[in-house]
Amino acid sequence: MTTFEDIKREIPPLIRGLSFDGSLGLIVHTLESGPSALVLPSPSKGDSMKETARKWQALFDEYVKKERVYPATVGVGDLRYGLGTNYDEAVRGEGVSKLPTLPPSLTRSDVVRDKVAVVTGGAQGFGEGMVRSLVEHGAFVYVADLNREGAEKLASELNYDAMITVAKAVEVNVTDEASVQAMMDMVIAEVGGVDLFISNAGVLKAGSVKTMSLKDFAFVTDVDYTGFFICTKFASRTMAIQNIPSESYYTDIVTISSKSGLEGSNKNGAYAGAKFGTIGLTQSFALELVEDNIKVNAVCPGNFLDGPLWSDPKRGLFVQYLETNKVPGAKTIEDVRRAYEAKVPMNRGCTTADVMKAIFYIVEQTYETGQAVPVTGGQVMLN
Ligand SMILES: NC(=O)c1ccc[n+]([C@@H]2O[C@H](COP(=O)([O-])OP(=O)(O)OC[C@H]3O[C@@H](n4cnc5c(N)ncnc54)[C@H](O)[C@@H]3O)[C@@H](O)[C@H]2O)c1
């Protein structure tokens, strides 16, 4: 039986999908009340989502053709939605100032312009860099993290600089279904859907298989492997609905695996196992979700030597490896760093800019899914 909660989860993505002309989507915000510029009929009993979408699309297109602008507000039964080309417009329900247009000369990174992205683990490290880059290239981004304070700090900084709302913080635990569902409910109510979901949150606990506790093994597996399943479960439901009206609009789920998802990692089995596992999930989800126009791909970065995981002066891997003599002969942190740089044919660590190039490629490419894209400076080469 469809509940009122289900309806509130389904209508905004469907309305959002009506505006996809193959490249751009509007933001659809749930409003408390107010008049409707366009009234769409409530879905008829027995109509499939596809049939409802077809009827709504005809009414929506008719409105845009006549008024030469998108409707400021849309009503369905007692529910009201504000539409905008940006978040602040949609919240005010005062209307779209102009029809969105793509800039005349397109570069690969323009593929995220006016899209909604969610980045888990977005408060620091690779995730923070992804959030900054996506905002810089015109996306609206949810900084989704267990660390609420860090996520809020980053979102406020970006909004302050942009002078409009371009990012929002949301506290989430990717290992908890209820938490991920609550996050997606918030995203649906605030912007109507998501075009790019980056499952980036991850943890690392190294340890020998002979001594590692089951608790530590399970902790890594929960975040790095199960978290990707839970996020895909809820993100794909929304994407599947918003992709219905256009039939040619693609959305992306990207998981951040690792070079340790492509080859084993000594005394780091929990992490490598989980990262290999995400590639199995990527391939399987890609096969299933292709019928919903959802692409699912993994990115496998090399070591982010400048990130906090490696460089944190107290708990970073450089300090840990120096203290445990993991690199024979290393006397300083710099020695440890050099040893890791020397493992890379391109002689340096991976950066967020390197990873973003892979993500832009994945989003732009509409003839590929289920792939694991290495970004390792040649350290791991695929067979
Ligand atoms: N750092 C590297 O060298 C490297 C290399 C390859 C792949 N990766 C992968 O890239 C991703 C990001 O790594 P990083 O080094 O930037 O990590 P990081 O530790 O710097 O940041 C991870 C973020 O995830 C958040 N997080 C942790 N558990 C969470 C949970 N249960 N729910 C929600 N958020 C949670 C943390 O609060 C933190 O903000 C991870 O998946 C990691 O495995 C990292």
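This is a predicted model: local features need pLDDT of at least 70, side-chain atom pairs count only at pLDDT 80 or more; totals for chains, interfaces and linings use all residues.
1. Residues are numbered from 1 along each chain as its sequence is written, and side-chain values use heavy atoms, with hydrogens and water left out.

2. The ligand has 27 residues around it, and those that come nearest are Gln-124, Phe-126, Asp-145, Tyr-271 and Phe-304 (a residue is near if one of its heavy atoms lies within 4 Å). By type, the shell holds 14 nonpolar, 11 polar and 2 charged residues. Here Ala, Val, Leu, Ile, Met, Phe, Trp, Tyr, Cys and Pro count as nonpolar, Asp, Glu, Lys and Arg as charged, and the others, Gly among them, as polar.

3. A backbone N or O atom of Asn-200 lies 2.8 Å from a ligand oxygen. For a polar side-chain atom of Lys-275 the distance to a ligand oxygen is 2.9 Å, and for a side-chain N or O atom of Trp-310 it is 2.9 Å. Of the 830 Å² of accessible area that the ligand has on its own, the protein covers 91% (Shrake-Rupley method, 1.4 Å probe).

4. Helix α6 (residues 177–191) packs against helix α7 (residues 214–242) at about 25°, with the axes 9 Å apart. Helices are DSSP runs (H or I) of at least four residues, numbered from the N terminus; axes are lines fitted to C-alpha atoms over the stretch in contact, and angles run from 0 to 180 degrees between N-to-C directions. Helix α6 is therefore roughly parallel to α7, a term for angles under 35 degrees.

Definitions and conventions
A polar contact is a pair of N or O atoms within 3.5 Å; within protein, one must be able to donate a hydrogen and the other to accept it, and residues adjacent in sequence count only if both atoms are side-chain atoms. Helices (H or I, at least four residues) and strands (E, at least two) are DSSP runs, numbered from the N terminus. Angles under 35 degrees count as roughly parallel, over 145 as roughly antiparallel, 65 to 115 as roughly perpendicular and the rest as oblique.
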